[in-house]
Amino acid sequence: MAMRPSPFGDSRLRRRQFRRIPVRTLAPNLVTLLALCAGLTGIRMAFENRYALALAAIVFAAVLDGIDGRLARLLKGTSKFGAELDSLSDFVNFGVAPGLILYFWGLHDLKSAGWIAAMAFAICAGLRLARFNVMSADPDRPAWSSNFFVGVPAPAGAIIVLLPIYAAFLGLPRSQFLTWVTLIYTLLIASLMVSRLPVFSGKRFGNRVPPEMVGPVVIVLVLFVAMLIAYPWIILTVGTLGYLASLPFGWASYRGYQRRARESKADAPVVTAPAPAPAAAGMIDLSDDDEERPSRLN
């Protein structure tokens, strides 16, 4: 008696359809998922009024966000799936989580106005990430434009928008005035994220360190991490103010690049089309108007 074929197909053929995923592709995605866990944990810590841990989770997510992309390029494990996962993770970590942390911390005192500010920040972060994905695929961008972001990037926006909480941990008294300042400041940072303001990307420093600079770079990095752990609110406050102060310099540098690009384009030699070959002897030239030169045809 012949066996009827299974309605689900041959199991051996189905097993062949699943390919093994290389570790070099999986590792960056695991780092991205770890960053997403940190952002979601930050929301939970804010809900429980543990704001120090909430801010630490956002900073940790920002550090991991700077690692996963470089790790993917180093391992040659970039993929479309990883890029989409990174964008969705960034929206939660640097859009939704900071907005909710600010709302739980103080914006809820302003009721609907505070919620609108928190929503506006999250929405602007999503728009910023969507625009970045579209612009990164533009082949017509000049090479020097990679030195700049268009608008404040989402991870930096998440760190600097929490400045009022840093100030409160440093001893600034909580008041209704501070809450309104926080609302205005949140909307300002949200507008900077979706603006066309050129911001230094840090890519001009390159991805390689000279051999003689490896030791100093490691020492500076270790000292920075140690100071961040020992004096987190001072370091975050100074870093935020320094970043905000650097924004005009990024705009001025971008305008300088644009001016030099226009000058080099104006100085480039103009390529003219070759002149047409003269008409052969004995042939009638009909290129001119017949009414102006009738003797040619007589």
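In which crossing, left-handed or right-handed, does α3 pass α6? The legends below answer this and describe neighbouring views.

The model is predicted: local features need pLDDT of at least 70, side-chain atom pairs count only at pLDDT 80 or more, and totals for chains, interfaces and linings use all residues. Residues are numbered from 1 along each chain as its sequence is written, and side-chain values use heavy atoms, with hydrogens and water left out.

**View 1. Helix α3 against helix α6.** The axes of α3 and helix α6 (residues 154-161) come within 10 Å and cross at roughly 160 degrees; axes are lines fitted to C-alpha atoms, for helices over the stretch in contact, and angles run from 0 to 180 degrees between N-to-C directions. Helix α3 is therefore roughly antiparallel to α6 (angles over 145 degrees count as roughly antiparallel, and those under 35 degrees as roughly parallel). The crossing of α3 past α6 is left-handed, a term for a near helix turned anticlockwise from the far one by less than a right angle. Residues I58, V59, A62 and D65 of α3 meet P155, A158 and I159 of α6, where contact means heavy atoms within 4.5 Å. Helices are DSSP runs (H or I, at least four residues), numbered from the N terminus.

**View 2. Helix α3 against helix α4.** Helix α3 (residues 51-75) and helix α4 (residues 80-105) have axes that come within 11 Å and cross at roughly 160 degrees. The two helices are therefore roughly antiparallel to each other. On the α3 side the contact includes Y51, L55, I58 and D68, and on the α4 side F94, I101 and W105 are among the residues involved. By class, this contact has 11 nonpolar, 1 polar and 4 charged residues (Ala, Val, Leu, Ile, Met, Phe, Trp, Tyr, Cys and Pro count as nonpolar, Asp, Glu, Lys and Arg as charged, and the others, Gly among them, as polar).

**View 3. The bend in helix α4.** Helix α4 bends by about 30 degrees at A97, and a proline, P98, follows within four residues; the bend is the angle between axes fitted to the seven residues ending at a position and the seven starting there.

**View 4. Helix α5 against helix α8.** Helix α5 (residues 112-135) packs with helix α8 (residues 176-194) at an angle of about 15 degrees, their axes lying 8 Å apart. These helices are therefore roughly parallel to each other, and α5 passes α8 in a left-handed crossing.

Terms used:
Angles under 35 degrees count as roughly parallel, over 145 as roughly antiparallel, 65 to 115 as roughly perpendicular and the rest as oblique.
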